[in-house]
Amino acid sequence: MSKSVFTLAIFKPHLLKNPIAYRTAEGIIESCGIRIVQRKQLQLTESQARQFYQDHEGKFFYRRLISLMTSGPLEVLVLSGENVIARWRELMGPTKVFKAVYSNPECVRSLCGLSDTRNASHGSDSESSFHTEAAIFFPNQHFGQQPN
């Protein structure tokens with residue numbers, strides 16, 4: 001029996017400002033059988049954004065990323081399904097929107113991304129990252145592995 005795994009997805013502020021793009025991204029998740037088990041809309045504080053993106057501190061895009069992520073409400077989702085981390089990352093497509101448009105034209109970032117920073121979405125890259133990231137947004141909840 002395979003296990004269900006969790007991952008974190010974030011719809012960035014510019015995506016929430018565009019209802020058509022938002023519905024498109026949500027539809028991509030729903031159409032592939034990934035379950036949304038938790039969702040929360042919130043406005044990130046600068047402190048929360050810095051905590052979340054601490055691994056990128058010092059990189060050329062860091063200030064721009066913090067500014068974007070605090071510019072308006074965003075939506076954080078906990079997704080569940082078999083091999084969901086890899087599946088969600090594939091559905092998002094490459095981080096760089098220009099590359100996404102040509103290599104994966106039906107992915108979230110190709111359809112909804114505007115630039116490399118405003119690329120519409122985030123997804124945890126590992127189970128460990130998921131638990132670290134989920135603790136920031138859902139501090140009183142524990143997401144373990146559940147049998148299908």
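**Ser110 and the overall fold**

Ser110 counts as buried because its relative accessibility is 15% (buried: under 20% relative accessible area; exposed: over 50%; partly exposed: in between; 1.4 Å probe, protein chains only). The model is predicted: local features need pLDDT of at least 70, side-chain atom pairs count only at pLDDT 80 or more, and totals for chains, interfaces and linings use all residues. Residues are numbered from 1 along each chain as its sequence is written, and side-chain values use heavy atoms, with hydrogens and water left out.

Ser110 lies in helix H7, which covers residues 108–112. Helices (H or I, at least four residues) and strands (E, at least two) are DSSP runs, numbered from the N terminus. Leaving aside residues up to four places away in sequence, Ser110 touches Ala100, Val101, Asn104 and Pro105. A contact means heavy atoms within 4.5 Å.

The protein holds eight helices and five strands. Their order along the sequence is β-α-α-β-α-α-β-α-α-α-β-α-β. Among contacts between residues at least 6 apart in sequence, 73% join residues at least 24 apart.

The radius of gyration is 15 Å, which agrees with the value near 15 Å for a compact globule of 148 residues (taken over C-alpha atoms; globule rule 2.2 Å times the number of residues to the power 0.38). The C-alpha trace spans about 45 × 35 × 25 Å along its principal axes. Of the 148 residues, 46% are buried.
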